[in-house]
Amino acid sequence: KGRVGLRVYVVCSWVLFLEGMGGLSGLALSYFYKSTLKADPALLSSISSISALPWTCKPIYGFLSDAYPLFGFRRRPYLALGGAAAALSWVYMATYVNDPWTGGVCMTVGSAGMAVANVMAEAILVERSQGESQEFASHLQSVVWGAASVGSLISSFLGGYLLQVMSDRQVFLLSSAFPLTLVPLALLSPEKRHHEASLSRSDLTNKMRELYLTLMMPEILYPTLFIFLLNATPSTGSAWFYFYSSKPPLGVGFSSEFLGTINVVGSIFNLAGVILFQSFLKTLPFRPLLLWGTVVSTVLGLSNLVLVFHVNRQWNIPDEWFCLGESAVQAVVGWISTMPIIVLASRLCPEGMEATMYALIMSINNLGGVLGSQLGALITMWLGVSSTNLDHFWLLVAICNASSLAPLVFINWIPAGDPQLVKRRGMESVT
């Protein structure tokens, strides 16, 4: 049991670590689209959100892995296939892409590969958390998401530096090596061989009906809808990159190296947010955590207008220092707001369909993010914000941040306590 527990930590933490390492190519992608492919902020935001669509299909991956074991295993083959697909997409991106939409296809394939691996890791986590306390589930999620923060920290540190010594395409090629490690890592997945046959059509129909009925249970449906609404508010997307990287008077003219430094600071304080949640907040009720986390995040987001209007210069605070401080505080608060959503989703999963239900809840969460990005891209175009015109960028920032308060009207949809006990009682009506 101890070895199985260790393998859960190793496999799941490495998958989340690789998700964090995905940021290694993030800055290179932004420069590649802006400088090489000549894409405007709205186009880059739109393509980036479309490439996230595979993360809204997570129930399909969970359902396939639960229903159709490959070579007798439900997790290992899918982990390996996901890693291989992500690696090949970056190789193609590095060698053949010369237009924005072909690049979008590569980004989508790579995103799909990592989404499949993510679902397998989450399934292992949820299975391990079943029957445990909220405190243990929070601890387990904090550890693996801490690994994601470490990966993000490393990739942020290297991202800006690598662009000083390598081309963007070379960074893409380097990025392909990391998801490839999932192929051998899959062998460590803690599971036994399953000998039962694949499900029949009637079994599949029953499983889908059970999934639907479970999702429609009020104690699951309403928190899930709130999570969706919280992520579906408009976001500024890639517009901030254009403001940061464009030379004055259009933007503030940060170098790629300093943009990497911003990401490093954000990653360090992301990890600090995870540690703070794990140490002091993991036993607190979900509702006040989400309420105050959203309010504080909105206020901090609106404070970015100080940088946009250069008010910080009147206070004798350089743009660089103000941006670093803002990034640090927002990272801590952002993760304190995110961790309750992740833990809540794991507590809503009924026993016996952990992978599929958790994947469905998180997919709805991701779909909200895609919708928010697309809404942000539309507002960006409507305001005329482009690579050569940032006159109304301040209004974009104000609209996107203020709108994040709207879902709080439905904060009572979030359970006041641990939902798993209530959920068990509700499952009796399904079965």
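Helix α5 (residues 76-95) and helix α8 (residues 168-175) pack at an angle of about 165°, and their axes lie 8 Å apart; axes here are lines fitted to C-alpha atoms over the stretch in contact, with angles running from 0 to 180 degrees between N-to-C directions. This is a predicted model, in which local features need pLDDT of at least 70 and side-chain atom pairs count only at pLDDT 80 or more, while totals for chains, interfaces and linings use all residues. Residues are numbered from 1 along each chain as its sequence is written, and side-chain values use heavy atoms, leaving out hydrogens and water.

**The pair α5 and α8**
- The two helices, α5 and α8, are therefore roughly antiparallel to each other, a term for angles over 145 degrees.
- The contact (heavy atoms within 4.5 Å) is made by Trp90, Val91, Met93, Ala94 and Thr95 of α5, together with Arg169, Phe172, Leu173 and Ser175 of α8.
- Sorted by class, the contact of α5 with α8 has 6 nonpolar, 2 polar and 1 charged residues.

**Helix α3**
- Because 7 of the 10 residues of helix α3 (residues 41-50) are buried, this helix is largely enclosed by the rest of the structure; buried means under 20% relative accessible area, with a 1.4 Å probe and protein chains only.
- The buried residues of α3 are Pro41, Ala42, Leu44, Ser45, Ser46, Ile47 and Ser49.

**Cysteines**
- A search of the whole structure finds 0 disulfides, a disulfide being a pair of cysteine sulfur atoms within 2.5 Å.
- Cysteine 106 is buried, with a relative accessible area of 7%, and cysteine 323, at 4% relative accessibility, also counts as buried.

Conventions
Buried < 20%, exposed > 50% of the residue type's maximum accessible area, 1.4 Å probe, protein only. Helix = DSSP H or I, 4+ residues; strand = E, 2+ residues; numbered from the N terminus. Parallel < 35°, antiparallel > 145°, perpendicular 65-115°, else oblique. Nonpolar A, V, L, I, M, F, W, Y, C, P; charged D, E, K, R; others polar.
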